[in-house]
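Please open the model in your viewer and keep the selection panel at hand. The tour below goes from one selection to the next and says what is to be found at each stop.

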Amino acid sequence: MPVILHQSPGHQCLMFSDLADESGGEAVQSNQFLIVDDGTGAIIDPGGNLAYSELYLTMTRHFPPHKLSAILASHADPDIVASLDRWTTSTPNAKIYVSTVWERFIPHFCKPGKTVGRIVGIPDPGMRIRIGSHDLVALPAHFLHAEGNFQFYDPISKILFSGDLGVSMVSGEIARTPVSSLATLLPRMEAFHRRYMVSNKVLRLWADMVSTLDIQMLVPQHGAPLTGPAIGEFIAWVRELQCGIDLMGPRHYQVPA
């Protein structure tokens, strides 16, 4: 069953956290999101083929998938968009929104011709995307961790769908429960962020940007949502985090013996 992140008249945000089988330890846990507004909807980071069937079937209990108007991809990793070939069949009218950096790579996930006229490249500064009666905001999050990367802010629910920023490596069951204290998640966050975020400079730029927004919940693509004090604690933590190229030196670039 999905987690209801927000529900108000005409507007709903759902999170699906446990659709891929993690029992074998071969695939990382991932979240998929559905936003419904005024009779239409958008899916954010629909995931890979491991999640597609369960996501499609579960979604039908809440919203007819063929009425989706948008498929939003924070970037082009397989756990984000590997199922696009199947989604392009089941959602014939949905546009695919992805960074202009990746728009010519996305067709490689699909059969020839299936993405013609359907991909909308998000420019580097971001854009507003109309879903039903309201806009979602595509926020620049480049190099966090992908070269062309966007997060999606919903001004109605005040949820920031943050992609790979804010990730915690937990099970799908644990990911269902929002966390209000960052300390409980840090042991499951730190190694990931040090490796996958590119530099502290970019994290500081991001922190300055999102500090201007009213964020009631920060929901990553992997792991548990952050709410309450945990949001400010996370922003403060990443401001000081050394990561990515900050940690690289000559010992990391040597010819193997």
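Is the crossing of helix 6 and helix 7 left-handed or right-handed? The crossing of helix 6 and helix 7 is left-handed, a term used if the near helix is turned anticlockwise from the far one by less than a right angle, and right-handed if clockwise.

Before going further, note that this is a predicted model, in which local features need pLDDT of at least 70 and side-chain atom pairs count only at pLDDT 80 or more, while totals for chains, interfaces and linings use all residues. Residues are numbered from 1 along each chain as its sequence is written, and side-chain values use heavy atoms, with hydrogens and water left out.

Select residues 200-210 for helix 6 and residues 229-240 for helix 7, which pack at an angle of about 150° with their axes 7 Å apart. Axes here are lines fitted to C-alpha atoms over the stretch in contact, and angles run from 0 to 180 degrees between N-to-C directions; helices (H or I, at least four residues) and strands (E, at least two) are DSSP runs, numbered from the N terminus. The angle makes helix 6 roughly antiparallel to helix 7, a label for angles over 145 degrees.

Now show the side chains of N200, L203, R204, W206, A207, D208 and V210 in helix 6 together with F234, I235, V238, R239 and E240 in helix 7, which make the contact (heavy atoms within 4.5 Å). These residues divide into seven nonpolar, one polar and four charged.

From strand 4, step to strand 3 (residues 32-37), which runs antiparallel to strand 4 and is joined to it by five bridges, with I35 opposite A42. In the hairpin of these two strands, D38 takes a positive phi near 50°.

Finally, strand 4 pairs with strand 5 in the parallel sense over four bridges, and the bridge partner of I44 in strand 5 is L72.

Notes. Angles under 35 degrees count as roughly parallel, over 145 as roughly antiparallel, 65 to 115 as roughly perpendicular and the rest as oblique. Ala, Val, Leu, Ile, Met, Phe, Trp, Tyr, Cys and Pro count as nonpolar, Asp, Glu, Lys and Arg as charged, and the others, Gly among them, as polar. Two strands pair if DSSP finds at least two bridges between them.
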